[in-house]
Amino acid sequence: MNRRNFILGASAALFAGCVNAKERPHNTLTITDTETLLLWPQTPPGGGGPSGPMKRDKRGAISNISQPYLTVYRPKNPNGAAMLVAAGGGYKRIEMETEAHPAAQWLSERGITAFVLTYRLPHEGWNVGPLAPLQDAQRALRLIRANAEKRGLKKNQIGVLGFSAGGHLLGLASVRADFESYPPQDATDNHSARPDISALIYPIITLEAPYDHTSTAHILIGRDADEQEAAKWSVQTYVNPQTPPMFLVQAKDDPVSNPMNTVIMQQACEKAHVPCELHPLASGGHGFGMGKPGSPTQLWPHEFRDWLQQRGELS
């Protein structure tokens with residue numbers, strides 16, 4: 001499907017409220033009905049972007065994203081809580097099948113309405129460059145909050161769950177909720193973009209040396225960025241007392257995101273007196289999603305469930 005046809009078809013869907021997409025996670029047993037919802041009423045702010053159909057690799061990761069949108073996982077027994085989910089992929093792709101969809105299924109099975117974010121990738125020709133995914137994340141949170149009442153959701157129970165580069169994205173959205181990344185488009189943008197809780201799983205937090213070797217850093221700021229630019233795009237730079245409570249997970253042998261990323265975030269939260277739980281795992285590497293059986297990574301969803309219970313997100 002080319003970009004023009006996608007926009008025309010999806011715009012009609014947005015007018016109707018949603019589209020029954022019938023998307024199905026390939027690696028889960030429980031099936032949940034989903035729907036899709038466009039983020040922007042017209043062309044995303046700034047314009048530009050790729051042409052041609054969306055691409056999907058053998059792992060189910062997507063790229064060449066011309067129009068960002070949400071995939072909504074509706075629980076059979078919703079409890080009023082919602083969570084925006086963003087998978088990683090180094091801002092080169094989005095790991096939908098290994099991270100986003102399993103996470104959304106897990107949340108929906110526990111009564112939480114999950115919104116999977118298909119966000120723009122900065123290097124795919126968008127005129128606003130690295131701002132594109134942050135614009136999408138902020139718009140997504142406002143869209144969820146604007147439609148909370150008609151979906152039976154509570155406006156003060158909207159969280160985020162991000163993996164790897166998706167953790168960087170939703171980390172920035174958590175600490176920069178008041179940053180005007182785009183001009184208001186409609187009444188939706190009158191709503192707050194601040195999540196109420198934030199869970200970041202093996203996230204990229206800092207783009208500063210000596211932790212600037214990641215794809216996230218290279219795509220957002222380049223390989224030769226100065227210290228000021230690196231700090232500007234690092235999550236910990238903006239942690240403040242209004243930052244939502246944080247839940248952090250990372251394996252000690254992570255070869256992609258240095259384990260210091262979550263330590264740095266924990267320290268920033270402690271300095272700002274923001275509640276923060278860091279769950280270091282003995283091993284597990286990077287990209288383990290909702291955990292791999294027989295490894296320490298299978299424990300973190302249970303710890304996450306307990307944390308959600310304590311924060312009143314589960315009933």
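Predicted model: local features only at pLDDT ≥ 70, side-chain atom pairs only at ≥ 80, totals over all residues.
Reading along it, the buried residues are Ala165, Gly166, Gly167, His168, Leu169, Leu170, Gly171, Leu172, Ala173, Ser174 and Val175.

Arginine 176 is next on the list. Arginine 176 lies over the face of phenylalanine 179, at 4.0 Å from the ring centre. There is another case of this kind: the charged end of arginine 120 sits over the ring of tryptophan 126, 5.0 Å from the centre of that ring.

Now the strands. Strand β2, residues 34-38, is mostly covered, with 5 of its 5 residues buried. Thr34, Thr36 and Leu38 point one way from β2, while Glu35 and Leu37 point the other way, and all of them are buried. Note that this includes a glutamate, Glu35. What does β2 pair with? Its partner is strand β5, residues 69-73, in the antiparallel sense, over 5 bridges.

As a reminder, strands of a sheet pair through backbone hydrogen bonds, either parallel or antiparallel. An open sheet in this model has 3 strands in the order β3-β4-β7, with antiparallel pairing. The edges are β3, at 55-56, and β7, at 94-95; each has a single partner strand, so one side of each is left without a neighbour in the sheet. Between β3 and β4, residues 61-63, there are 2 bridges, again antiparallel.

On to the aromatics. The count comes to 10 aromatic pairs. I will go through two of them. Phenylalanine 163 and tryptophan 300 are edge-to-face, 6.3 Å centre to centre, with 65° between the planes. This pair links distant parts of the chain: phenylalanine 163 is in strand β9, residues 158-163, and tryptophan 300 is in helix α8, residues 300-310, which puts them 137 residues apart. Phenylalanine 163 counts as buried because its relative accessibility is 0%. Tryptophan 300 also counts as buried, at 0% relative accessibility.

The other pair is tyrosine 202 with phenylalanine 288, edge-to-face, at 4.7 Å centre to centre and 65° between the planes. This one also links distant parts of the chain, 86 residues apart: tyrosine 202 is in the loop between β10 and α5, and phenylalanine 288 is in the loop between β12 and α8. Tyrosine 202 has 0% relative accessibility and so counts as buried. Phenylalanine 288 is buried too, with a relative accessible area of 4%.

Which residues make up the aromatic cluster? They are Trp106, Phe163, Tyr202, Phe247, Phe288, Trp300, Phe304 and Trp307.

That brings us to helix α8 itself. Its buried residues are Trp300, Pro301, Phe304, Trp307 and Leu308. They cover an arc of only 115° around the axis, so they lie on the same side of α8. What do they pack against? The list is β6 at 82-86, α2 at 96-109, β9, β10, β11 at 246-251, and β12. Just after α8, glycine 312 takes a positive phi of about 80°.

Next, the cysteines. A disulfide is a covalent bond between the sulfur atoms of two cysteines. How many disulfides are there in this model? The count comes to 0. The cut-off for a disulfide is sulfur atoms within 2.5 Å. The two cysteines also have their own accessibility values. Cysteine 269 counts as buried because its relative accessibility is 0%. Cysteine 276, at 22%, counts as partly exposed.

Last item: glutamate 227. Glutamate 227 lies in helix α6, residues 227-232. Is glutamate 227 buried or exposed? Its relative accessibility is 70%, so it counts as exposed. The C-alpha atom of glutamate 227 is separated by 6.8 Å from that of glutamate 208, and these two glutamates are 19 residues apart along the chain.

How values were computed:
Residues numbered from 1 in each chain as written. Heavy atoms only, no water. Helix = DSSP H or I, 4+ residues; strand = E, 2+ residues; numbered from the N terminus. Buried < 20%, exposed > 50% of the residue type's maximum accessible area, 1.4 Å probe, protein only. Pairing = 2+ DSSP bridges. Phe/Tyr/Trp six-rings, centres within 6.5 Å; stacked < 30°, edge-to-face > 60°. Lys NZ or Arg CZ within 6 Å of the ring centre and 35° of its normal. Arc of directions from axis to C-beta. Contact = heavy atoms within 4.5 Å.
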